[in-house]
Amino acid sequence: MTLKSSRLFWGSLVLLGLAGLCQLMERTFYGGLDENGVLQESFFLPLSVMLGIVGLVLLLASVFRYIFRK
């Protein structure tokens, strides 16, 4: 079994891609000050952090699994 054929590996890449997409949406649509000086934030920032952390953990797990199976 190769690393690229692992569903865990591809799942982690999907989660990391979604985290990047959420971060891009946060920077594009939110994250600034409005005319009243109030910081505008959305759910995309914490969502991107959570997806990024889970994606990195799954990526590390898939790499360790690949190394220890060899």
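This is a predicted model: local features need pLDDT of at least 70, side-chain atom pairs count only at pLDDT 80 or more; totals for chains, interfaces and linings use all residues.

A: A polar contact is a pair of N or O atoms within 3.5 Å; within protein, one of the two must be able to donate a hydrogen and the other to accept it.

Residue S48 lies in helix α2. The side chain of S48 reaches the backbone oxygen of L45 at a distance of 2.8 Å. The relative accessible area of S48 is 6%. Buried means under 20% relative accessible area, and S48 is therefore buried.

A polar atom of the S62 side chain is placed 2.8 Å from the backbone oxygen of L59. S62 has a relative accessibility of 3%, and so it counts as buried.

The partner of this helix is considered next. In general, two packed helices are described by the angle between their axes and the distance between the axes. Helix α1 covers residues 7–29 and helix α2 covers residues 44–69; their axes come within 8 Å and cross at roughly 160°. Because angles over 145 degrees count as roughly antiparallel, α1 is roughly antiparallel to α2. The crossing of α1 and α2 is left-handed. Sorted by class, the residues in the contact of α1 with α2 are 17 nonpolar, six polar and two charged.

Between α1 and α2 runs a loop, and L39 is found in it. The relative accessibility of L39 is 48%, which means that this residue counts as partly exposed. L39 and Q23 are 16 residues apart along the chain, and their C-alpha atoms are separated by 17 Å.

The protein has two helices and zero strands. Its C-alpha trace spans about 60 × 15 × 10 Å along the principal axes. The radius of gyration of the protein is 17 Å, whereas a compact globule of 70 residues would have a value near 11 Å. Of the 70 residues in the protein, 19% are buried; S48 and S62 are among those that count as buried.

Definitions and conventions. Residues are numbered from 1 along each chain as its sequence is written. Side-chain values use heavy atoms; hydrogens and water are left out. Axes are lines fitted to C-alpha atoms, for helices over the stretch in contact, and angles run from 0 to 180 degrees between N-to-C directions. Helices (H or I, at least four residues) and strands (E, at least two) are DSSP runs, numbered from the N terminus. Angles under 35 degrees count as roughly parallel, over 145 as roughly antiparallel, 65 to 115 as roughly perpendicular and the rest as oblique. A crossing is left-handed if the near helix is turned anticlockwise from the far one by less than a right angle, and right-handed if clockwise. Ala, Val, Leu, Ile, Met, Phe, Trp, Tyr, Cys and Pro count as nonpolar, Asp, Glu, Lys and Arg as charged, and the others, Gly among them, as polar. Buried means under 20% relative accessible area, exposed over 50%, partly exposed in between (1.4 Å probe, protein chains only). The radius of gyration is taken over C-alpha atoms; the globule rule is 2.2 Å times the number of residues to the power 0.38.
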